[in-house]
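Please consult the sequence and the model while reading.

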Amino acid sequence: MAVVHRTTLRPGKLDLLTTWLPTRQWFTGTTPQLHRGGGFRLDDPAGEVGIECMIVIDTADPARPAYHVPLTYRGAPLPGAEAALVGTSEHGVLGRRWIYDAAADPVAVAQFTALLTGAATAQDQDLSDTPARTVELVTADPQVSLSVRVHRTPAAAPESRRGWALSSWTDAEGAPARGIVLEARENPAPTSAGEESGRS
């Protein structure tokens, strides 16, 4: 289980996201003022990469949109992932951390898949060794080849489809909210020779 350290992070996560979010195509505001609404963590089985799914609310936008921002925290740069770098920060215990958009980090994507198939457990955002009470999960078939969709704006829960994780959070006014943040998508089955066109 990952250990949540009670220490400083400079610059802080919200400071980094305030600069990074406006560079994303899916961000609808201008200069954000961010409220941390909630989220959860996932464990890296190797114990090297921190994985966090954050919900932030932009209070500068009159619509008060919530964004799902999954992040990974690494002790060294991730090769080939320069475009996904959110920034670097100094951790009071672990030293310099390279912080990435987790949707582009293979360790995080593997754990998203594990969560959606029931092979991983969402962990509390602020407490060590504590399952998150803010996550509702409907698992997908682990025998099926899956890809993961990261919902940048939490979505309404589907009524029947399997394979999604719903997170609850608190908005800037203290009201509860919830939405889908991760969703499994079944990959198309590969076609064999002679089957692609459907002709004899």
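Which residue in S10 is the bridge partner of threonine 170? The partner is proline 176. The model under discussion is predicted, and the following paragraphs place this pair in its setting.

**Overall composition**

The protein chain has 200 residues, of which 41% count as buried. Its secondary structure amounts to 2 helices and 10 strands, arranged along the sequence in the pattern β-α-β-β-β-β-β-α-β-β-β-β. Among contacts in the protein chain with a separation of 6 or more, 60% are made by residues 24 or more positions apart.

**The four-stranded sheet**

An open sheet is formed by 4 strands in the order S7-S9-S10-S8, with antiparallel pairing. Strand S7 (135-138) and strand S8 (146-155) each have a single partner strand and stand at the edges, so one side of each lacks a neighbour in the sheet. On average, and with direction ignored, neighbouring strands of this sheet are turned by 20 degrees against each other.

| Strand pair | Bridges | Sense |
|---|---|---|
| S7 and S9 | 4 bridges | antiparallel |
| S9 and S10 | 7 bridges | antiparallel |
| S8 and S10 | 6 bridges | antiparallel |

Individual residues illustrate these pairings. Glutamate 136 stands opposite leucine 166 in S9, while serine 147 stands opposite arginine 185 in S10. S9 and S10 also form a hairpin with 5 residues between them. In the turn of this hairpin, glycine 174 has a positive phi of about 90 degrees. Strand S9 (residues 164-170) has 5 of its 7 residues buried, so the strand is largely enclosed by the rest of the structure.

**Strands S3 and S4**

S3 and S4 pair in the antiparallel sense over 8 bridges. One of the pairs involves methionine 54, whose bridge partner in S4 is valine 69. How many of the 9 residues of strand S4 are buried? In strand S4 (residues 66-74) the count is 9 of the 9, and the strand is therefore largely enclosed by the rest of the structure. In a regular strand, side chains alternate between the two faces of the sheet. From S4, Ala66, His68, Pro70, Thr72 and Arg74 point one way, whereas Tyr67, Val69, Leu71 and Tyr73 point the other way; all are buried.

**The nonpolar cores**

The largest nonpolar core contains 24 residues. Those that touch the most other members are Phe40, Leu42, Ile51, Phe112, Leu115, Ala122 and Leu182. Two or more residues are given to this core by each of strand S2 (34-42), strand S3 (50-58), H2, S8, S9 and S10. A second, separate core of 14 residues includes Trp20, Leu71, Tyr73 and Ile99.

Residues up to four places away in sequence being left aside, alanine 122 touches Phe40, Arg41, Leu42, Leu115, Pro131, Ala132 and Val135. One of these, arginine 41, is found in strand S2. Is arginine 41 buried or exposed? With a relative accessibility of 17%, arginine 41 counts as buried, because buried means under 20% relative accessible area. The side chain of arginine 41 reaches the backbone oxygen of glutamine 125 at 3.2 Å.

In helix H1 (residues 13-20) the buried residues are Leu16, Leu17 and Trp20. Seen down the axis of H1, these buried residues fall within an arc of 95 degrees, so they line one face of the helix. The face turned away from that buried side carries the exposed residues Asp15 and Thr19.

In H2 the buried residues include Ala108, Gln111, Phe112, Ala114, Leu115 and Leu116. The N-terminal end of H2 is capped by aspartate 105, a side-chain oxygen of which lies 3.0 Å from the backbone nitrogen of valine 107. After H2 comes glycine 118, with a positive phi near 85 degrees.

Conventions
Residues are numbered from 1 along each chain as its sequence is written. This is a predicted model: local features need pLDDT of at least 70, side-chain atom pairs count only at pLDDT 80 or more; totals for chains, interfaces and linings use all residues. Side-chain values use heavy atoms; hydrogens and water are left out. Two strands pair if DSSP finds at least two bridges between them. Axes are lines fitted to C-alpha atoms, for helices over the stretch in contact, and angles run from 0 to 180 degrees between N-to-C directions. Buried means under 20% relative accessible area, exposed over 50%, partly exposed in between (1.4 Å probe, protein chains only). A nonpolar core is a set of buried Ala, Val, Leu, Ile, Met, Phe, Trp, Tyr and Cys residues joined through side-chain atoms within 4.5 Å. Contact means heavy atoms within 4.5 Å. A polar contact is a pair of N or O atoms within 3.5 Å; within protein, one must be able to donate a hydrogen and the other to accept it, and residues adjacent in sequence count only if both atoms are side-chain atoms. The arc is that of the directions from the helix axis to the C-beta atoms.
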